[in-house]
Amino acid sequence: MFYREKLLLEITTVSLEQITILHNRFRQLSQNEESLRKDDFKTIQDLESNPIRFQIVEAFFDKRNFQKNDVGSVEEIGFEEFLTVMSYFRAPALHITEEKREEIRRAKLRFLFNMHDTDNDGTITLEEYRHVVEELLSRSGALGRETAKGIADAAMLEVASISVGPMAPDEFYEGITFEDFVKILKGIEIETRMYIRFLNMDTTVMCK
Amino acid sequence: MEGFWTVALPVLKVWFNSLVVLIMLPAMFGISLGITEAYMKILIKTLEWATHRIQRASRAEEILKHSSSNSLIQRNDSSLEQEIEDLRRNRPKSAERGDFTLSDVLYFTRKGIESIVEDDVTQRFTSEELVSWNLLTRTNNNFQYISLRLTILWGVGVVVRYCILLPLRVTLATIGLSWLVIGTTLVGFLPNCRVKGWLSDLVHLMCYRILARSLSATIHYHNKLNKPKKGGICVANHTSPIDVVILANHGCYAMVGQVHGGLMGVLQRAMERSCPHIWFERAEMRDRHLVTQRLRDHANDKTKLPILIFPEGTCINNTSVMMFKKGSFEIGGTIYPVAIKYDPQFGDAFWNSSKYSMVSYLLRMMTSWAIVCNVWYLPPMIHKEGEEAVQFANRVKSAIALQGGLVDLAWDGALKRARVKDSFKEQQQKIYSHMVVGDDSSD
């Protein structure tokens, strides 16, 4: 187990302790098997009440997130892939260059982009965007389909106006490309919004 | 072959006789010869030594078994509204209208990943991890080779458990069960009178004591004054099917359950003959009114034994108490709460029914070192005026959790098997959509 962990440490910048914690969690979710399936995520109760759980679970099985320049999706993942996806939420490093920081930021944004862009054509089309909006808003009575559609359209217009500038009424907006996506979310500190903070376990024991 | 039997038979006879004298008879009359105490002392000493060895060998292993701190990640306690406001504040100035932005997705994504890393409920359905090792590989998820001496000790432990303890316990259990069936059937022939009730109690107690010995169960009863009385309802937290034996070892209860076939069915019919229990046909269980009515009739009759109910509905791993189903609390009558806490050091009593069948579970129980548990009888509680059944159930649940040192959770035990109701998912959506639509200044 220790050799694998050293290898994983090189791929991601998660600490050894965090890897062990995640490994335990992986085994718990997969019921001590070698690989995790989509159904295994259904056992997490807190996740079930999350409106975009489908997209989140899909993100784990999306090959684009495995940093191997591959596309498509898989049926089951091993611990390596699980850790790679988790590493998108790693803590912001303190002493790194501007370039590295920008690289990490783009990687995190790419993860979010992939979550929306389900057919992997490089753009988030109106359809895909509408889908996300509908998931996030309630389907049950309080908000009809038309309202949700209306909100999605309005939001899409907003995005278009930022990226392309004001459009003529008959111009057709293809969809949000990755660059537009980055531009829109420029103001937001992705590093702090998109990371999971592990509590400090008893570190005195680790010091030998 | 002949030679084998001439040797084996007297050995068996001696063994059987010693069994009867040393274990069964004292068990039946409720006295203790001190053998169990000596056994436990030796066991504790051995386990302490084993733990010491592991600790000395590698200190790093300890943090893996840190069961005291339950949370792994730091969660942001702010609500949905606050976080989304925060996210929106950073929007570019040119786009002030529009009610929905991509950044809102960030909040939900993060919450989702947090729950994947750590989740309150799933933790409760796997067995508790121990801080020290009790020489049973089943309780140590990170079993590694530490030293030769420890491995030999473990090997000796396996031999003792499987070759000495297991046959002993199986024999005792068989004797106990058959005596239960025979005894209750005999008592059933008597006409209804006080003597019958007294004899039936005696038979039940004796048999349950033998069964408790067959599991090497050491039980400490606290607050015996609050023991459930006739005409009341006893509620307890549920960890395994053995809970019944633990409680019935000390007092007599009327059991509630579904009618089974096979061996269980034989037991049920026999017990029914000597004193009234409540067994439901499968079809009857769907009719809630019928169920409540029968339970109410039983409870109202002050000569009948207290009913034993486990309101959680399923086995929980004994670190927490889950939602109590309100059905048992609508019956009326006095509720006697009981808290049961097992000591995981000697054997893990939790029955993970999705992982182990009943038979393999019983096998595991009988090859553990011992079952040690504490039973607290809590003072009786009654339904207050104007209190809802659900509130009453929660009140009782909190009392039990407090006494047993368990965590009080609001989640439903049935989530072990089923999925979260869609209404929970919709709740999150409702709050969020309220925010978005409420902001609607355009159009």
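# Rings and helices in the model

Q: Does F89(A) count as buried or exposed?
A: The relative accessibility of F89(A) is 2%. Buried means under 20% relative accessible area, exposed over 50% and partly exposed in between, with a 1.4 Å probe and protein chains only. F89(A) therefore counts as buried.

Q: What kind of model is this?
A: Residues are numbered from 1 along each chain as its sequence is written, chains are lettered from A and ligands numbered from 1 in the order in which they are written, and side-chain values use heavy atoms, leaving out hydrogens and water. Local features need pLDDT of at least 70, side-chain atom pairs count only at pLDDT 80 or more, and totals for chains, interfaces and linings use all residues, since this is a predicted model.

Q: How many aromatic pairs does the structure hold over all chains?
A: Rings of Phe, Tyr and Trp (its six-membered ring) pair if their centres lie within 6.5 Å; planes under 30 degrees apart are stacked, over 60 edge-to-face and the rest tilted. Over all chains, the number of aromatic pairs is 11.

Q: Why is the pair of F26(A) and F82(A) tilted?
A: The ring centres of F26(A) and F82(A) are 5.4 Å apart. The pair is tilted because the planes stand at 55 degrees.

Q: How many residues apart in sequence are the parts that F26(A) and F82(A) tie together?
A: F26(A) lies in helix α2 (residues 16-29) of chain A, and F82(A) in helix α5 (residues 79-86) of chain A. Helices (H or I, at least four residues) and strands (E, at least two) are DSSP runs, numbered from the N terminus. Both F26(A) and F82(A) are buried. The pair therefore ties together parts whose separation in sequence, in residues, is 56.

Q: What type of aromatic pair do F89(A) and F111(A) form?
A: F111(A) is buried, with a relative accessible area of 1%. Its ring and that of F89(A) are 5.6 Å apart centre to centre, with 85 degrees between the planes. The pair of F89(A) and F111(A) is edge-to-face.

Q: Which residue lies over the face of F178(A)?
A: A charge sits over a ring if NZ of Lys or CZ of Arg is within 6 Å of the ring centre and within 35 degrees of the ring normal. At 4.5 Å from the ring centre of F178(A) lies R110(A).

Q: At roughly what angle do the axes of helix α7 and helix α9 of chain B cross?
A: Axes are lines fitted to C-alpha atoms, for helices over the stretch in contact, and angles run from 0 to 180 degrees between N-to-C directions. The axes of helix α7 (residues 194-214) and helix α9 (residues 262-274) of chain B come within 9 Å. They cross at roughly 145 degrees.
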